[in-house]
Amino acid sequence: MAEIHDEEKKIVIKIVYYGPALSGKTTNLIQLHELIRPGQCGDLMSLETRGDRTLFFDMLPILTRTNGEYRVKIKLFTVPGQVAHDATRKAVLSRADGVVFVADSQVAQSVNNFQSFENLEKNAGRIGLDFERLPLVIQFNKRDLPEILATEEVLSRWGPAGLPVTFSTALTGEGVRTTFETILSATYRKLDDAHGLEGRYRIMEENLLSILPPCPESMSH
């Protein structure tokens, strides 16, 4: 569902961070904003509901150059977690090319995670997204807190679905990059199949991944 603007030689890819309230969606975007090279990343924009701190969505536009004439703009959004804002969630999810589902690792939030994931699946169907083929990564956040689900339990519950599962502490940035790289790769593969990104537009997977600076580990080798 990527937007292809031939006149502007631009392709727009939309990735949405979805999940229950306060699971760490916005914190992921804040960390990515700090991580991405200056000059490639726009402002982190927030729209708030009247009278409270609830974020309707954040948008973090990222530009990357490619091997051909076309450039890629990646728009990152978050959805509000509160049930009252379901209409906004559907609007933000509309035309998404990839989704990161940010779950809260705390044992007490397990029901909220499942309800929010079920809501994601239902809303995808309501707006015409093929949920079975949608690039989707599950991120279990807040791994630094006490009383969290064990890694083995998370994988036994969510692994059978065949979806990539990552673990993070978004507050410190741990796992944020890995999650983003995983969804970028999955989204690229889907869009390459649909639109011929490599053959037609000379857009490679590494063009998208180059948004992020090299890992310190890889630089040391």
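Buried means under 20% relative accessible area. The views below show a predicted model.

**View 1. Arginine 177 pairs with glutamate 181 in a salt bridge.** The closest N and O atoms of the two side chains are 3.1 Å apart. Both residues belong to helix H5 (residues 176-195), where they are 4 residues apart, about one turn of the helix. Arginine 177 has a relative accessible area of 15% and is therefore buried. Glutamate 181, with a relative accessible area of 25%, is partly exposed.

**View 2. Asp86, Arg89 and Arg126 are linked in a network of salt bridges.** Between aspartate 86 and arginine 89, the closest N and O atoms are 3.0 Å apart. These two residues are 3 residues apart in helix H2 (residues 86-93), so about one helical turn separates them. Aspartate 86 also meets arginine 126 in a salt bridge, at 3.9 Å from N to O. This second pair links distant parts of the chain, with aspartate 86 in helix H2 and arginine 126 in helix H3 (residues 110-126), 40 residues apart. Aspartate 86 counts as buried because its relative accessibility is 18%, and arginine 89 is buried as well. The model has a count of 7 salt bridges.

**View 3. Phenylalanine 101 and tryptophan 158 form a stacked aromatic pair.** The model has a count of 7 aromatic pairs. In this one, the distance is 6.1 Å centre to centre, with 25 degrees between the planes. Phenylalanine 101 lies in strand E6 (residues 98-104) and tryptophan 158 in helix H4 (residues 151-158), so the pair ties together parts that are 57 residues apart in sequence. Phenylalanine 101 is buried, with a relative accessible area of 0%. Tryptophan 158 counts as buried at 7% relative accessibility.

**View 4. Phenylalanine 117 and phenylalanine 131 form an edge-to-face pair.** The ring centres are 5.8 Å apart and the planes are at 70 degrees, which is why the pair is edge-to-face. Phenylalanine 117 lies in helix H3, whereas phenylalanine 131 is in the loop between H3 and strand E7 (136-141); the pair therefore ties together parts that are 14 residues apart in sequence. Both phenylalanine 117 and phenylalanine 131 are buried. One aromatic cluster is formed by Phe101, Phe114, Phe117, Phe131, Phe140 and Trp158.

**View 5. Lysine 14 lies over the face of phenylalanine 77.** Lysine 14 is at 4.9 Å from the ring centre of phenylalanine 77.

Key
Residues are numbered from 1 along each chain as its sequence is written. This is a predicted model: local features need pLDDT of at least 70, side-chain atom pairs count only at pLDDT 80 or more; totals for chains, interfaces and linings use all residues. Side-chain values use heavy atoms; hydrogens and water are left out. A salt bridge is a side-chain nitrogen of Lys or Arg within 4 Å of a carboxyl oxygen of Asp or Glu. Buried means under 20% relative accessible area, exposed over 50%, partly exposed in between (1.4 Å probe, protein chains only). Rings of Phe, Tyr and Trp (its six-membered ring) pair if their centres lie within 6.5 Å; planes under 30 degrees apart count as stacked, over 60 as edge-to-face and the rest as tilted. A charge sits over a ring if NZ of Lys or CZ of Arg is within 6 Å of the ring centre and within 35 degrees of the ring normal.
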